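Me: I would like to go through this structure with you and ask, term by term, on what grounds each label is given.

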Amino acid sequence: MTVSPAAARPVTVLAPELPPMMTTDGTGREASIIAETLAACGHEARFKVVPFGRHWNDFRDGARVDAVTTVPAGMEMPGARSAPYILYQNGASVLRSSGLTVTSLADLAGKRVITFSGAPDVLPGLRDAIPSFGDFRERADQMVHSNLLFAGRVDAVLADGLIFAEYNRQLQDKAKAGGGLPFDPAQPVQFTAIFPPTPYSMVFRDESLRGDFDRCLAELKGKGRIDAIDRAAVARYSATVGDQYLSHR
């Protein structure tokens, strides 16, 4: 274990609920990267998981935590920003039965589009493309995205491929358990990575903890551990994302 210049202690981390990146019980792809990185420096991650978007606001408002996760480049946040530790792969998901091929936002002209809250600030070109869509909605609850796509009420979902795939899996489990859904969640979908990967950083209140995190992250990357976590996460959802998730990084 790496000897840390900051005293080893529990590190309370504010994170958004975004399965399979971060679940309510503090597990998932992103949770694993953060927890293993902090552990390599002798620290124990303790996640406080809240709805997406609230994590940033709570941290800015002075929540009694040591760090906040999933901070995009360019977002102002008080504290010490880490090196990027995770890449999300956003793209367009459509029903295969629609026959719609999406290689860029231009292919969605006139279409009904739904995305996550704040996406126009994260996804390149989206804000300029919004006037071309037939309908545009932002929803923080990404389960809504899958519901509306399978119900035929939107034409395309703009979101991370793994998050989209996980909510589809949850809907399929609900249907198998007799959940009485008004649509078939097993309809084949097509995910296309039309955006470059989005890097996210941590922000720490304590600069020495940020230094620990960056150093141990570099060590784990050098050993191939971060790649291994990513590959395992992507493999679980290959039926949805195919070879599109972080294939060009």
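Me: Why is Ala119 counted as buried?

Reply: This is a predicted model, in which local features need pLDDT of at least 70, side-chain atom pairs count only at pLDDT 80 or more, and totals for chains, interfaces and linings use all residues. Residues are numbered from 1 along each chain as its sequence is written, and side-chain values use heavy atoms, with hydrogens and water left out. Buried means under 20% relative accessible area, exposed over 50%, and partly exposed in between, with a 1.4 Å probe and protein chains only. Ala119 has 0% relative accessibility, and therefore counts as buried.

Me: Where does Ala119 lie, and what does Ala119 touch beyond residues up to four places away in sequence?

Reply: Ala119 belongs to the loop between strand 7 (112–115) and helix 3 (126–129), where helices (H or I, at least four residues) and strands (E, at least two) are DSSP runs numbered from the N terminus. With residues up to four places away in sequence left aside, Ala119 touches Leu126 and Glu138, a contact being heavy atoms within 4.5 Å.

Me: What makes Gln89 a buried residue, and which residues does Gln89 touch?

Reply: The relative accessible area of Gln89 is 3%, so Gln89 is buried. Its place is in the loop between strand 5 (86–88) and strand 6 (90–95). Not counting residues up to four places away in sequence, Gln89 touches several residues, among them Asp160, Phe191, Pro197 and Tyr245.

Me: How do you know whether Leu217 is buried or exposed?

Reply: Leu217 has 2% relative accessibility, and so counts as buried. Leu217 is part of helix 6 (residues 207–222), and, residues up to four places away in sequence not being counted, Leu217 touches Ile33, Thr37, Ala83, Pro84, Tyr85 and Ile226.

Me: What share of the residues in the chain is buried?

Reply: Buried residues make up 49% of the 249 residues in the chain.
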